[in-house]
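Reader: Hello! Could you take me on a close look at one part of this model, the surroundings of the bound ligands, and tell me what lines them?

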There are 2 protein chains.
Amino acid sequence: MGRGLLGEAGSRIAALEARTAAIVTDGHVGPLYAEALAASLQQHGLRVSIITLPPGEATKSYASLERVCDAVLEAKVERGDLVVALGGGVMGDLAGFAAAVVRRGVRLVQVPTTLLSQVDSSVGGKTGINSLHGKNLVGAFHQPSLVLADTALLDTLPIREMRAGYAEVVKYGLIDDPDFFAWCEANWRGVFDGGPERDEAVAQSCRAKAAVVVKDEREDGDRALLNLGHTFGHALERITYYDSARLVHGEGVAIGMCQAFRFSVALGVCPPADAERVEAHLSEAGLPTRLAQVPGGCGTVDELLDAMAQDKKVKGGALTFILVRGIGQSFIARDVPVASVRAFLQDENSTSRP
Amino acid sequence: MGRGLLGEAGSRIAALEARTAAIVTDGHVGPLYAEALAASLQQHGLRVSIITLPPGEATKSYASLERVCDAVLEAKVERGDLVVALGGGVMGDLAGFAAAVVRRGVRLVQVPTTLLSQVDSSVGGKTGINSLHGKNLVGAFHQPSLVLADTALLDTLPIREMRAGYAEVVKYGLIDDPDFFAWCEANWRGVFDGGPERDEAVAQSCRAKAAVVVKDEREDGDRALLNLGHTFGHALERITYYDSARLVHGEGVAIGMCQAFRFSVALGVCPPADAERVEAHLSEAGLPTRLAQVPGGCGTVDELLDAMAQDKKVKGGALTFILVRGIGQSFIARDVPVASVRAFLQDENSTSRP
Ligand SMILES: NC(=O)c1ccc[n+]([C@@H]2O[C@H](COP(=O)([O-])OP(=O)(O)OC[C@H]3O[C@@H](n4cnc5c(N)ncnc54)[C@H](O)[C@@H]3O)[C@@H](O)[C@H]2O)c1
Ligand SMILES: NC(=O)c1ccc[n+]([C@@H]2O[C@H](COP(=O)([O-])OP(=O)(O)OC[C@H]3O[C@@H](n4cnc5c(N)ncnc54)[C@H](O)[C@@H]3O)[C@@H](O)[C@H]2O)c1
């Protein structure tokens, strides 16, 4: 992790002693960085292929999985060789899943190029694609052999994507680290501008995520806390058909976290001031915080509930939510009655549509 | 494992404490046994869906994987619920792979209905589908929570499939158990007729396979011995386009094992008498032992070599073979020169085509 790491990719990846590497990237990232990465790997004796897919969430599909697996096999990646995911969370999840299943598992190197993927998706080993029935419903746990997070690559990231990733940075503060949330309030501009604060935010986020994952890799328990904002957020993504023109993942998470706080306030377990403080900071950083900010709207309460019920965090028919007692005090609430969620969403809809 | 176990499926599967089971089966097996299995599960309080696919190796495809995963999700299989593979190795591999990846892994019950799947594919946790680039090149290791092998189900199995599975039974003797091979020579008719010898053969085969897998689940070492006959066999399956009218898996393995013995004789490491004894027994049981017995032929030597080189048992460009010093004395030979294989195949082609 650090600025300028891409230049060292060859020597660091060569240490894994593979013969062949298949770089999987998308049509935005590839033209910017794939050649440099490939050259660095070739210099260190690796045979390299580049597989380029269309950018965007829609690429996390069965059809892309087939395309990537076949291309990786075509590239003669054998056991012990590497798949290198170069891109954001979409490439990381897709290429990571392909690495998990080609020859029943080859090694994976993550080179995350978005803030979101550097602070979240490249850490923890979750990979997968989307199904008609919901996001990330088909996949595997497959830990990378190496993650190379070059924070300089974020210099070319569109501001909207930068903000979306920043929502996940803030999330780590909200889960269990009020001091880090306060640090974010004071330092967020440096994160966006590429100052030393960016490296600090990425490092702190990775530490926070790794600490949770180490305790609960398979998500039987505390790992679920990382889903703060995601039950609402995924429902919004579903309802907007994963159309990034309307909503990107991190925006869904930003709105979802604010909803988790407001829902917790409504349930009487969180002070309203904390919810307001969260909303104020995310707004200041340019993120949406309310349903009404989703262009084209986001459906009726029933549609939202339906979208939520199909999310995989439904266990035995009841809804599981990550709720909060305040900033940095999240907890897992199982068996949240659908009626409470409905009442809350009705209230959200009436207050957020003036 | 035993005769009549299907009747107990409900109580045994209920012990896993799932709420929902998705039975995945094929168009031959479903009509014979799916209703009985479903009824037994429902009696024990499980919600059951039945997913039926076309029979045959071609069903081990990306398209089927998508179909099964979506159907399993449609059936509302959540974490802790079950996928039940009811069928031969094709259903076991496909449904097993779907179970490995739906929600990043749900539990799997194998109800193998062919001799091959009872003695081989349902044990050991390998699952997967085929790629353009070869058989089983995309998949996962996913151990079943339960395997229910009802040997009575084999009563409806076509004789050709019975023979094909029997090739795998014989394989366990050839790998490291000369006494079991001798037992096979003496008792094979009972295995086919459904006498107590069948149960004994299934039990002994599972023990043999489990013993290998326990030592080397991920196939880094000795598990490769189970591939005796498979490098040649898979090449034959490729070359006949997995067309079961021409060749089924076990027939490829039978020819492949004879080739492994003859190749070992040609390399001067195995006594000719052992190769002849293997061939005699497989022939007696009605299995093919020579390339010339493949209807429609099996290509030129170059085509065979090509098909072999694409098999996943190629490491670092060299061919890995399982060779033998005699019956029950197999070993892994790495870096077998392609020239030796070529010479052997040329010889096979000229001697087997009179
Ligand atoms: N596996 C996990 O644990 C995990 C965790 C969180 C999110 N995710 C997944 O991650 C995905 C979202 O990831 P994302 O936000 O990185 O989206 P993304 O991969 O779609 O990237 C966002 C956009 O930025 C472009 N881009 C990426 N890097 C760039 C760069 N350096 N310069 C210019 N453009 C660049 C991409 O081409 C794309 O258009 C979702 O599918 C989500 O489900 C996975
Ligand atoms: N996972 C592993 O470890 C492993 C090991 C060996 C083979 N395999 C795979 O197994 C597959 C071959 O398995 P298979 O030989 O069982 O083939 P299969 O599943 O295609 O079954 C053979 C035929 O018999 C029919 N059938 C099955 N049970 C029947 C019954 N009781 N009565 C009547 N008809 C029945 C099927 O519909 C099919 O037409 C191959 O794809 C091979 O790669 C996997």
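Author: Happy to! One definition first: a residue is called buried when its relative accessible area is under 20%, as computed with protein chains only as cover. Please also keep in mind that this is a predicted model.

Let's start with ligand 1. Another ligand 1 oxygen contact involves A:His28, with an N or O atom of its side chain at 2.9 Å. On the nitrogen side, the side chain of A:Asp93 has an N or O atom 2.9 Å from a nitrogen atom of ligand 1. Taken on its own, ligand 1 has 860 Å² of accessible area, and the protein covers 92% of it.

Now to ligand 2, in the surroundings of chain B. Here, too, there are 27 residues around the ligand, with B:Glu57, B:Gly89, B:Thr113, B:Thr114 and B:Thr156 coming nearest. B:Thr113 brings a polar side-chain atom to 2.7 Å from a nitrogen atom of ligand 2. The backbone takes part as well: a polar backbone atom of B:Val90 is 3.0 Å from an oxygen atom of the ligand, and a backbone N or O atom of B:Lys126 lies 2.9 Å from a nitrogen atom. Of the 870 Å² of accessible area that ligand 2 has on its own, the protein covers 92%. Both domain 1 (5-154) and domain 2 (159-351) of chain B contribute at least three residues to the shell.

Finally, a word on the record for chain A. An unreviewed UniProt entry lists A:Glu168, A:His230 and A:His249 under "binding site". They are spread over 82 residues of sequence, yet they cluster in space, with a largest C-alpha distance of 10.4 Å. Among them, A:His230 sits in helix H9 (residues 230-239) of chain A. Is A:His230 buried or exposed? A:His230 counts as buried because its relative accessibility is 6%, and the cut-off for buried is under 20%.

Conventions: Residues numbered from 1 in each chain as written. Chains lettered and ligands numbered in written order. Predicted model: local features only at pLDDT ≥ 70, side-chain atom pairs only at ≥ 80, totals over all residues. Heavy atoms only, no water. Near = heavy atom within 4 Å. Polar contact = N/O pair within 3.5 Å; in protein donor to acceptor, adjacent residues only side chain to side chain. Areas by Shrake-Rupley, 256 points an atom, 1.4 Å probe, with all protein chains shown as cover. Domains from an automatic or database assignment. UniProt positions renumbered as here; feature names shortened; annotations may be inferred. Helix = DSSP H or I, 4+ residues; strand = E, 2+ residues; numbered from the N terminus. Buried < 20%, exposed > 50% of the residue type's maximum accessible area, 1.4 Å probe, protein only.
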